[in-house]
Amino acid sequence: MAYFQSKPVAGRHFLQIPGPTNVPDRVLRAMDNPTMDHRGPDFGRFGTQLLEKVRHAFKTQSHVIIYPASGTGAWEAALANTLSPGDRVLMCETGWFAHLWQEMADRLGIVTDLVKTDWRRGADVAQIEARLRDDKAHAIKAVCVVHNETSTGCTSRVDEVRRAIDAAGHPALLLVDTISSLGSIDYRHDEWGVDVTVAGSQKGLMLPPGLSFNAISAKALKASETARLPRSFWDWKPMLAANATGYFPYTPATNLLYGLDAAVDMLLEEGLDNVFARHDRHAEATRRAVRHWGFEIQCADPRHYSSALTAVRLPEGHSANALRATILERHNMSLGNGLGQLNDRVFRIGHLGDFGDLQLVGTLGGVEMGLRAAGVPYKAGGVLAAMEYLSGNA
């Protein structure tokens, strides 16, 4: 059985978590092609073209390495290739996923200095600059930032983080997690001076889970020559050597690469700026619905609003998990749960990937009907508020 549901339900399932996202038919059809010989000449030509094409998604001219792994693997690859045991890194805890990246660094023997937030905004740029200015000996070797924090719906300003590092005159590397932002929110690896960009396949790239990415700068590549953290599977050196002719040093996820080829084509055909504008528009429509219902948005700073998802805070005394369960049972729609300290406090609406106006209206309609069924006090008409915005902002 290919897909399991607790009971038969007519109509398609609405997968409105902030990833994995819905996979377009075009990508599914591409993945359905026969697996080719990953050592044969056809694959070399395919791999060469794909590795060149995927650079556009990161807005980089540098190398992009593709692993058969989840985004967590790309986290580890970024750290293992650039750092040594005992190195210090500055990490900004903007939410659950930033916290998990810090935990990984600790387990790898990296010393983490933490800039905390209240999980209601992006990275604290002023604090990052202050910490770096205080680091006269340049003991901090890297700054790690999550571009779009999937647990909170807060987006950090990576361009401002780069300016803070430069203003402090600090040589630290800049490592950025774009797992839930790449292909959904404007991102510029080269222009923003990022040294390692971490990404995954299952969100804005519209693929199933299973591919992860490191886009790397010349400075990061230089750091990898002296980095002493153990690495084998994650080592950039054999990957780059094989990639030079379109191949991989071990068996790649061939059919996922077919899907990636189709997904990047879709992004480039729409135009990345148009893709970002579409996500901005759907995010604003969602926030208007949330405000009309009378709820708070988890992100408290409008400059840090995410265009990939909206995390919604329910009033005290109401369970976000119970609401999600009601919506799944009655309307066959999955919403994101609260993570870490936000468990049962928020629910998350994903509006990223292969997503249009009618899907958004259906999503918000399911939420509004669920609020009523679950007995959560709200002001009716949030869907209409979103529709009025959408109809005037094509």
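Leu260 touches Leu50, Val54, Ile66, Leu205, Leu207, Leu211 and Phe213, leaving aside residues up to four places away in sequence (contact means heavy atoms within 4.5 Å). This is a predicted model, where local features need pLDDT of at least 70, side-chain atom pairs count only at pLDDT 80 or more, and totals for chains, interfaces and linings use all residues. Numbering starts from 1 along each chain as its sequence is written, and side-chain values use heavy atoms, with hydrogens and water left out.

**Nonpolar cores**
- Trp101, Val143, Phe213 and Leu260 touch the most other members of the largest nonpolar core, which has 90 residues. Such a core is a set of buried Ala, Val, Leu, Ile, Met, Phe, Trp, Tyr and Cys residues joined through side-chain atoms within 4.5 Å.
- Helix H9 (residues 254–270) gives the most to this core, with 9 residues.
- Another core, of 29 residues, lies apart from it and has Ile297, Phe355, Val383 and Leu390 among its members.

- In S8 (residues 173–177), 5 of 5 residues are buried (under 20% relative accessible area, 1.4 Å probe, protein chains only).
- Leu173, Leu175 and Asp177 point one way from S8, while Leu174 and Val176 point the other way.
- S5 (residues 140–146) runs parallel to S8, joined by 5 bridges, and Ala142 stands opposite Leu173. Strands pair if DSSP finds at least two bridges between them.
- S9 (residues 196–200) also pairs with S8 in the parallel sense, over 3 bridges, with Thr197 opposite Val176.

**Around Asn321**
- Asn321 sits in helix H11 (residues 320–331); helices (H or I, at least four residues) and strands (E, at least two) are DSSP runs, numbered from the N terminus.
- Asn321 touches Asn337, Asn343 and Asp344, again not counting residues up to four places away in sequence.

Definitions and conventions. Buried means under 20% relative accessible area, exposed over 50%, partly exposed in between (1.4 Å probe, protein chains only).
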